[in-house]
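Me: Please take a close look at the aromatic pairing in this model and at the nonpolar core around it.

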Amino acid sequence: MSDSTVRGVVNVIEETKTYGQKGFRKRMVVLEQDKGSFSNYIPIEFTRDACDSVDEMNMGDEIEVAYRLNGRKWQRDPQSEVKYFVSVEALSYKVVGASGGNAGAGADAANDAFNEVDDEAPF
């Protein structure tokens, strides 16, 4: 199975957030895609050590991200409604159009960070 990719312009770069006793880290980057009559905004999660690779991105960079979809089920108690959530987790990225920064910077660090596996992530 090949990785899915998405391409867009970096619109938001959030700060890294840490969760739980083990210090799970997550950082969101939002890509904007111009669809003609509207803009499409895609939130992508960078996790663990990959959070640091986001420092190499700049607002306005056009990037291509290889990703996987993660889904989860949530139910407050057995009598409550079941809800399903999906997130887009980055596997790697590359800068394809820089906004004045260094095109391609950070991609090697991101790929190294994404190759680490942590089965104890809370999401």
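Reply: A residue is called buried under 20% relative accessible area, exposed over 50%, and partly exposed in between, with a 1.4 Å probe and protein chains only. By that definition, F46 and Y93 are both buried.

The model is predicted: local features need pLDDT of at least 70, side-chain atom pairs count only at pLDDT 80 or more, and totals for chains, interfaces and linings use all residues. Residues are numbered from 1 along each chain as its sequence is written, and side-chain values use heavy atoms, with hydrogens and water left out.

Rings of Phe, Tyr and Trp (its six-membered ring) pair if their centres lie within 6.5 Å; planes under 30 degrees apart count as stacked, over 60 as edge-to-face and the rest as tilted. One aromatic pair is counted by this rule. The ring centres of F46 and Y93 are 5.9 Å apart with planes at 80°, so the pair is edge-to-face. Because F46 lies in strand β4 (residues 39-47) and Y93 in strand β6 (residues 83-97), the pair ties together parts that are 47 residues apart in sequence. Strands here are DSSP runs of E with at least two residues, numbered from the N terminus.

F46 also belongs to the largest nonpolar core, where F46, L31, I44, M57 and V65 have the most contacts among its 17 residues. Such a core is a set of buried Ala, Val, Leu, Ile, Met, Phe, Trp, Tyr and Cys residues joined through side-chain atoms within 4.5 Å. Two or more residues each come from β1, β3, β4, β5 and β6, and β6 gives the largest share, four residues.
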